[in-house]
Amino acid sequence: MSGRPPTTDAVRTSLRRRVTVQGVVQGVGFRPYVHALATALDLAGHVTNNPEGVVVEVEGDPSAVARFCDRIAVDAPPLARVDSVHHQEVPATGDPAFTILASTADGPTRALIPPDTATCAACLGELADPHDRRHRHPFVTCTHCGPRFTIVTGLPYDREQTTMAAFPMCADCAREYTDPADRRFHAQPVACPACGPRLELLVRRADGDGPPGPVPEGDPIAGARRLLADGAVLAVKGLGGYHLACDATDPAAVARLRHRKARGDKPFAVMAASVEDIEPLVRLAPKERALLTGTIRPIVLLRRRTDVPPVPDAPWPAQGVAPGSPDFGVMLPYTPLHHLLFGLPGDPQGPRLLVMTSGNVSGEPIVTDDAEALERLAHLADAWLTHDRPIHVPCDDSVVRLCDGQPLIVRRARGYAPLPLPLPLEVPPALAVGGDLKNAFCLGAGRRAWLSAHIGDMDDLATQRAFERAVAQLESITPVRPRLLAADRHPAYRSARWAARNAAGRPVVRVQHHHAHVAAAMAEHGLDGSEPVLGVAFDGTGYGDDGAVWGGEFLLADYDGFTRFGHLAYAPLPGGDAAVHRPYRTALAQLRRAGIDWSADLPSAAACPADELRVLRRQLERNLNCVPTSSMGRLFDAVSSLAGVRHRSRYEAQAAVELEAAALRAPAGDTTAYAFAVGPPERDGGPVRADPAPLIAEIVDDLRAGAPAELVAVRFHRAVAALVHAICVRARERHGVDTVALTGGVFLNSLLSSACARALSADGFTVLRHHLVPPGDGGLALGQLVVAARAGEGAGAPD
C-alpha cells in the first residue's frame, strides 16, 4: 500500500495539506481511490476513515498537491457523494510513501453510510464466468456495489463493524482486499465460496409438524428454482429482509400467496428477469428504463399496456397480480442471489416473472431474523431460501413512479436510505416521529435531515417495536442526539404517544398534519420560508384544528404557521373507519348532503345491504358517530362508488386507485368537466368552501343517462384539477402568492398531479411537487422537523 518515495529535493520543497472529505465517502472505495490518485501524482502521506468522513494528508510538489485537491471530489468513485472538502496546510514530515491507515473512532459522527446498491456489471460477469473463482457465488460484491446500510453495525465503516465480521477472509480475498490495484481493495463485504456466507434451502415438512428441514443434497438455488416452477411460495432472504416469492404467471400460486398473506386485492410487485420480459406488458419510457436498470433498482410503477395483443411466448402475469390497478409494480434483480434464482445461461428454464413481495403479513414489519422468519412466515411459505449473513437494518424495497418525466417516490427505502436530505434552514438536533400510516421518522441537525426507511403502519405492536429499533439504529450512525421532538397533533396517534412517553424532559412540538405536508414540500425544494406558499394538501385523513377530519386543504403556509385559505366542504363520515373500508357509505353521505334520494338505480345504494341502509339513514339523520370531514381522499372514494367502480376497499386507497384506472380508460374526445361550487367564506376572513354537491348531482345525471364509469371518472378528475386552479387564482388575487405546493397522498395520482401542474404552470404559478420524499405520510416527518425547529426548542412544553 505504498507509493513511490519522494526525492531529497522534493522533501525540501514539499507542501503538506490535510484534506477532510465529508459525504458518502465510506464503503464506496474512496480510500483506494485516494491512494491511487496520490501515488499517480507522486505524493506521500496517508488516508484514513474516521467518524467525520475521510481524512487525507498529502505531501509533495506544491503543484501536485494543488492538483490533488482539485481532483479529489471531481473524480470520486461512482457511489461516492462528496458534500464538502476542507483542506489546510500542515507541517511537512518527509513521509517516504503514501499509506492507508487503520480507521479511528475518535470524534463526532459525521460520515454518511451509503445505501445498498445493485450488483455491478463487473461482478455479474464474474458470477456467470465458469472460470472465475466467484462463479455462481450468491454474495459476489466489490467497492462499487452490494450491501452497505443493511449490514452496518457502527462507524467508521470497516469490516469489523458490519455483519461480515463473522466471516474471516480467506487468503485470496485478503490478498484482493489489500491490493490497491484490485477492485476489491478495502471492499468490506468481500467474500467468496471459500469464506462464505452460505445458502441453505429449507422445506416445510410433508406432515406439517415441526420446523422445516434442510434439503440434504444439491444446489439450494436449483432446488428453489424447481419449487417456484412447481407453484410453491418461497421465502427468500434479501438485503433488507425476507421476500415472499412465487411464479407470477401461475394463477394458483398467486392466489395462494394472496390468501395466505391476507393481502386483499392490493397489487403485488413483480421481479422480472430482464427488461425484455416486461416490455410487452407496460409502457416503458427511457427514464423509466433508466430507473429499472440503475444502481438503486426500486420497484417502478409502470402503466399497463392496453394497445397491443399478447406477444406469443412472452410471460404474462396472472390476473391476480395487480387486479384493478392501472400499473404493474416492476423491479429487476438487484442481488447476485436474484440473478441466480432466474438462472444463468445454460440453466434449466424457470419462471421469468416472480411475485416478490415483503416477507410479512400485511400491516406487519418486514422479517429480517432467520429464526423469526421460520416462525412468522410458517403459514405463508412452503420453503425458505436463506443464508447465514445477518441483516442488521430492515429495509423494504423503494417504490417510485415517473410523473411528467420526474420521479415521484411512493415509498422511500432501499437505495435511498440513509442518505440525508439538505435543509434550507438550520435545525437543532431533533427527532420528528412522523404519522401512524406508512410511518417514517426523521432525524435532523444543522442543515441535514435523515429520513428513515419506510417503517409501516403503527397500529401493529411489532411495527412499534421496529420503529424504536430503527430510531436507535439511525441515531447510532448520525451525529444527531435529539434535544427536541416533533409529532402530529392527533391525540390518538401512536407515534405522538411514543414521543410523549420518551420525551424525558425534552420539548415535544405538535405539528398540524397538513401543515407538515406543505412544509415537507417547501423543505424539499429548498425554500427558506421567507415567503408563504399556497399548499394544496389532499389526503385521506388528518386531524384538523377544529377536531374534524381534514384532507381537502388549501393552506397559506410558511414554516412558522398557516392560515386555512380554503377547504372542501364538510361531509359526514358515518361510522369513521367503517366508511373508509366501505366507500358506498361516503357516497351515500354525499348523496344525502346534496339532497339526492338513495334510489335503487344508483350503484352505491344498490351496493349497500338493506339492513345497513336503514341503519345508515337513521345514523345520518341523527348525526350519530358521523365525524365531519373535508377529505379529498374520501371524496374520491365516494365518486368511485357512485360510478360503480369500487364499493368496498380491501386496501388503502383502492377505490381511488381504481377510479384513476377508469379515468385512464376513458374514450378520447370528451372534454367535459364537472364543477364544484366555490362559495364565499362563511365569515369575514374565514376559509372559502368548495362544495361538491353540484358535482354529485351532475354525476347522478350522467349515470341515469347511461354514462359509463370511465366517463364519470375522467370528468371528476378534470373537476378537481379545475378546482385547484380556481382556488389558487383566488389566493393569488387576495394575497399575492404565486407558489403552489401539491402535497398529500392524493397527489400520488399522477393523472391528477399532472393535470393540476399543467393548469397552474400555464397560468404563471410556480408549482412544487415531490421528487425526493413521498407526498403521502411517508414524507410527513420532514415537514414536522422543519416546523418544530422554527418553533424553537422552548416552544413546546413536555407532554
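Cys120 takes part in no disulfide, and the nearest cysteine sulfur, that of Cys145, lies 3.6 Å away. Cys120 is buried, with a relative accessible area of 15%; buried means under 20% relative accessible area, exposed over 50% and partly exposed in between, with a 1.4 Å probe and protein chains only. Cys173 is likewise in no disulfide, the nearest cysteine sulfur, that of Cys192, being 3.6 Å away. Cys173 counts as buried because its relative accessibility is 0%.

The model is predicted: local features need pLDDT of at least 70 and side-chain atom pairs count only at pLDDT 80 or more, whereas totals for chains, interfaces and linings use all residues. Residues are numbered from 1 along each chain as its sequence is written, and side-chain values use heavy atoms, with hydrogens and water left out.

Helix H15 (residues 583-593) packs with helix H17 (residues 610-622) at an angle of about 50 degrees, and their axes are 11 Å apart. H15 is therefore oblique to H17, a class for angles that are not under 35 degrees (roughly parallel), over 145 (roughly antiparallel) or 65 to 115 (roughly perpendicular). The crossing of the two helices is right-handed, the near helix being turned clockwise from the far one by less than a right angle. In the contact (heavy atoms within 4.5 Å), Tyr584, Arg585, Leu588, Ala589 and Arg592 of H15 meet Glu612, Leu613, Leu616, Gln619, Leu620 and Glu621 of H17. The contact residues comprise 6 nonpolar, 1 polar and 4 charged.

Key
A disulfide is a pair of cysteine sulfur atoms within 2.5 Å. Axes are lines fitted to C-alpha atoms, for helices over the stretch in contact, and angles run from 0 to 180 degrees between N-to-C directions. Helices (H or I, at least four residues) and strands (E, at least two) are DSSP runs, numbered from the N terminus. Ala, Val, Leu, Ile, Met, Phe, Trp, Tyr, Cys and Pro count as nonpolar, Asp, Glu, Lys and Arg as charged, and the others, Gly among them, as polar.
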